[in-house]
Amino acid sequence: MSTAPEPEPRAPKPALVFDDPFDQQSSDDTDRGWGERPEADSAADLKRFLDEKPPHHL
């Protein structure tokens, strides 16, 4: 009796989806992550201001 090796199961091919992408909410459509930062003291605020200050605001 010869036993032929069984083929390994293949992952299914991704299906084409023809749904309307505008029906789904994107991550940009939420308020999560907009301008939120951890609580900091005034020294940290000043450091952040100086780090992010545009070069023409000397």
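**Exercise 1.** Is Glu 52 buried or exposed?

*Solution.* The structure is a predicted model. Step 1: exposed requires over 50% relative accessible area, and buried requires under 20%. Step 2: the relative accessibility of Glu 52 is 52%. Step 3: Glu 52 therefore counts as exposed.

**Exercise 2.** Find the partner of Glu 52 in a salt bridge and describe the pair.

*Solution.* Step 1: the side chain of Glu 52 meets that of Arg 48 in a salt bridge, with an N to O distance of 3.1 Å. Step 2: this distance passes the cut-off, because a salt bridge needs the nitrogen within 4 Å of the carboxyl oxygen. Step 3: Arg 48 and Glu 52 are four residues apart in helix H1, so about one helical turn separates them. Step 4: Arg 48 has a relative accessible area of 38%, so this residue is partly exposed.

**Exercise 3.** How many salt bridges does a search of the whole structure find, and which residue pairs with Lys 47?

*Solution.* Step 1: the search finds two salt bridges. Step 2: one of them is the Arg 48 and Glu 52 pair treated above. Step 3: Lys 47 pairs with Asp 51, and their closest N and O atoms are 2.9 Å apart. Step 4: both residues, Lys 47 and Asp 51, belong to helix H1, where they are four residues apart, about one turn of the helix. Step 5: Lys 47 counts as exposed because its relative accessibility is 53%. Step 6: Asp 51, at 54%, also counts as exposed. As a general point, side chains of opposite charge can pair when their charged atoms come close.

**Exercise 4.** Which residues make the nonpolar surface patch of about 310 Å², and where is Leu 46 placed?

*Solution.* Step 1: the patch is made by Leu 46, Phe 49 and Leu 50. Step 2: Leu 46 is located in helix H1, which covers residues 42–52.

Technical notes: Residues numbered from 1 in each chain as written. Predicted model: local features only at pLDDT ≥ 70, side-chain atom pairs only at ≥ 80, totals over all residues. Heavy atoms only, no water. Patch = residues over 30% accessible without salt bridge, like charges linked within 9 Å, V, L, I, M, F, W, Y side chains within 5 Å. Areas by Shrake-Rupley, 256 points an atom, 1.4 Å probe, with all protein chains shown as cover. Helix = DSSP H or I, 4+ residues; strand = E, 2+ residues; numbered from the N terminus. Buried < 20%, exposed > 50% of the residue type's maximum accessible area, 1.4 Å probe, protein only.
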